[in-house]
Amino acid sequence: LFLMAARRLGLEPAVCAVIEDSVPGLQAARAAGMKAIGFPSSHSEAVLREAGAQVVLGSYEGLLDQADDFF
């Protein structure tokens, strides 16, 4: 799904970021070659990082402030 979305947008996976709160979603983002950003709504930061999150946000408010750090 993530690769199809990137293809439809005309983007390479490496320039895409996925925000996910699930372990399978983070694993899929990493498998697709995308940046994996965790959001701890249902799992702890440790679980999200173990699943592949490169960054874990505490809130959506910090997303734009940190966007330059993702790429």
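Buried here means under 20% relative accessible area, exposed over 50%, and partly exposed in between, computed with a 1.4 Å probe and protein chains only. This is a predicted model, where local features need pLDDT of at least 70 and side-chain atom pairs count only at pLDDT 80 or more, while totals for chains, interfaces and linings use all residues. Residues are numbered from 1 along each chain as its sequence is written, and side-chain values use heavy atoms, with hydrogens and water left out.

Take the surface to begin with. Leu9 is exposed, because its relative accessible area is 62%. Leu9 belongs to helix H1, residues 2-9; helices (H or I, at least four residues) and strands (E, at least two) are DSSP runs, numbered from the N terminus. Together with Leu11 and Val15, Leu9 makes up a nonpolar surface patch that has about 290 Å² of accessible area. Patches are made of residues with over 30% relative accessible area and no salt bridge, with like charges joined within 9 Å and nonpolar side chains (Val, Leu, Ile, Met, Phe, Trp, Tyr) within 5 Å. The areas come from the Shrake-Rupley method with a 1.4 Å probe, and for residues only the protein chains shown count as cover.

Now for the inside. The largest nonpolar core has 12 residues, among them Ala6, Cys16, Leu26, Ala29, Leu48 and Val56. Such a core is a set of buried Ala, Val, Leu, Ile, Met, Phe, Trp, Tyr and Cys residues joined through side-chain atoms within 4.5 Å. Val56 touches Gly38, Pro40, Glu45, Leu48 and Arg49, setting aside residues up to four places away in sequence; contact means heavy atoms within 4.5 Å.

Gly25, Leu26 and Ala29 are its buried residues. These cover an arc of only 95 degrees around the axis, so they sit on the same side of H2; the arc is that of the directions from the helix axis to the C-beta atoms. The buried residues of H2 pack against H1, strand S1 (17-20), strand S2 (35-38) and helix H3 (45-50). Gly25 counts as buried because its relative accessibility is 7%. Leaving out neighbours within four places in sequence, Gly25 is in contact with Phe2 and Glu20. Between Gly25 and Gly38, 13 residues apart in sequence, the C-alpha to C-alpha distance is 9.3 Å.

Turned away from that buried side, the other face of H2 carries the exposed residues Pro24 and Ala31. Ala31 counts as exposed because its relative accessible area is 73%. The C-alpha atoms of Ala31 and Gly52 are separated by 9.5 Å, with the two residues 21 apart along the chain.

The structure holds one salt bridge, defined as a side-chain nitrogen of Lys or Arg within 4 Å of a carboxyl oxygen of Asp or Glu. Glu45 and Arg49 are the partners, at 3.0 Å, N to O. Both lie in helix H3, four residues apart, or about one turn of the helix. Glu45 is partly exposed, with a relative accessible area of 41%, and Arg49 is also partly exposed, at 39%.

Phe39 counts as buried because its relative accessibility is 16%. Its contacts, beyond residues up to four places away in sequence, are Ile19, Glu20, Asp21, Leu48, Leu57, Gly58, Ser59 and Tyr60. Phe39 and Glu20 are 19 residues apart along the chain, and their C-alpha atoms are separated by 5.8 Å.
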